[in-house]
Amino acid sequence: MATLTEAILSILLLTGGIFLLAGSIGLVRLQDIYMRLHAPTKASTLGIGLVLLVSAIYAILTDDGLSISELLVTAFLFFTAPITAHMMAKTALHQRLKRLERTQNPDLFEKARLRLNPNLPLEDPVNKP
Amino acid sequence: MLNIVVMIVSGMVSLALILNLYRLLVGPDVLDRVLALDTMYINAIALIVLLGIYFRSALYFEGALLIALLGFISSTALCKFLIRGDLIE
């Protein structure tokens with residue numbers, strides 16, 4: 001394999017690793033759950049996408065060509081990451097998890113929660129905020 | 001050159017896994033732990049793919065596909081359980 005191709009692959013792989021690490025640092029460092037949802041679902045998805053891209057290019061350039069399961073992993077991860085993030089945001093709204101004090105428009109939380117399930121009572125006695 | 005970079009990136013992903021483990025143990029709510037587990041699944045897929053690059057073997061992608069499926073299903077099932085209190089009604 002040519003040196004230039006290897007250098008490009010190395011740079012892509014390093015960028016992917018940096019994004020994966022940034023997603024996990026964000027998961028540790030950010031302050032409430034609504035912020036913490038951002039870091040792994042966006043940065044880590046980009047990082048794993050870059051790593052899988054490098055792996056696919058490497059498999060094409062070396063001996064045994066591109067396998068179907070590699071494309072399947074990439075497509076599956078990129079489809080399912082937003083779905084998981086949406087489900088977790090819904091769960092956080094439903095459970096009325098604690099938010100930061102300086103969050104703007106706090107009344108929108110209750111509105112969004114009621115839109116999820118209009119049959120809920122306004123004040124849930126079990127899950128008081 | 002690529003082998004050295006693969007080793008470095010494996011170290012970074014392992015550090016990311018340790019950070020996720022911290023959030024899994026500390027996390028104030030259940031949802032934090034679910035989120036940490038989901039991120040751990042993604043990092044494990046990255047680690048397996050890096051191993052596949054290092055050993056030049058296409059065998060590891062089947063495992064990566066399995067882990068991706070299990071991660072999605074388990075995260076969705078846990079969120080559904082936390083919302084509804086039940087999985088199959």
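Biologist: Which residues of α1(A) are buried?

Modeller: This is a predicted model. In it, the buried residues of α1(A) are Leu9(A), Leu13(A), Gly16(A), Gly17(A), Phe19(A), Leu20(A), Leu21(A), Gly23(A), Ser24(A), Gly26(A) and Leu27(A). The cut-off for the label is 20 or more other C-beta atoms within 10 Å.

Biologist: What do the buried residues of α1(A) pack against?

Modeller: Both chains take part. In chain A they pack against α2 (33-36) and α3 (38-61), and in chain B against α1 and α2.

Biologist: How do you know that the span of α1(A) is close to the expected one?

Modeller: α1(A) has 27 residues.

Biologist: Where in chain A is confidence highest, and where lowest?

Modeller: Highest in helix α1, at a mean of 92, and lowest in helix α5 (residues 107-116), at 78. Chain A averages a pLDDT of 84.

Biologist: Why is Ile73(B) called exposed?

Modeller: Ile73(B) has 11 other C-beta atoms within 10 Å. The label needs 12 or fewer, so Ile73(B) is exposed. Ile73(B) lies in helix α3 (residues 60-84) of chain B.

Biologist: How many residues does each chain bring to the contact?

Modeller: Chain B brings 42 and chain A brings 44. On the side of chain B, α2(B) gives the most, with 15 residues. By class, that side has 30 nonpolar, six polar and six charged residues.

Conventions. Residues numbered from 1 in each chain as written. Chains lettered and ligands numbered in written order. Predicted model: local features only at pLDDT ≥ 70, side-chain atom pairs only at ≥ 80, totals over all residues. Helix = DSSP H or I, 4+ residues; strand = E, 2+ residues; numbered from the N terminus. Contact = placed C-beta atoms within 7 Å. Nonpolar A, V, L, I, M, F, W, Y, C, P; charged D, E, K, R; others polar. pLDDT = per-residue confidence, 0-100. Expected span 1.5 Å × (residues − 1).
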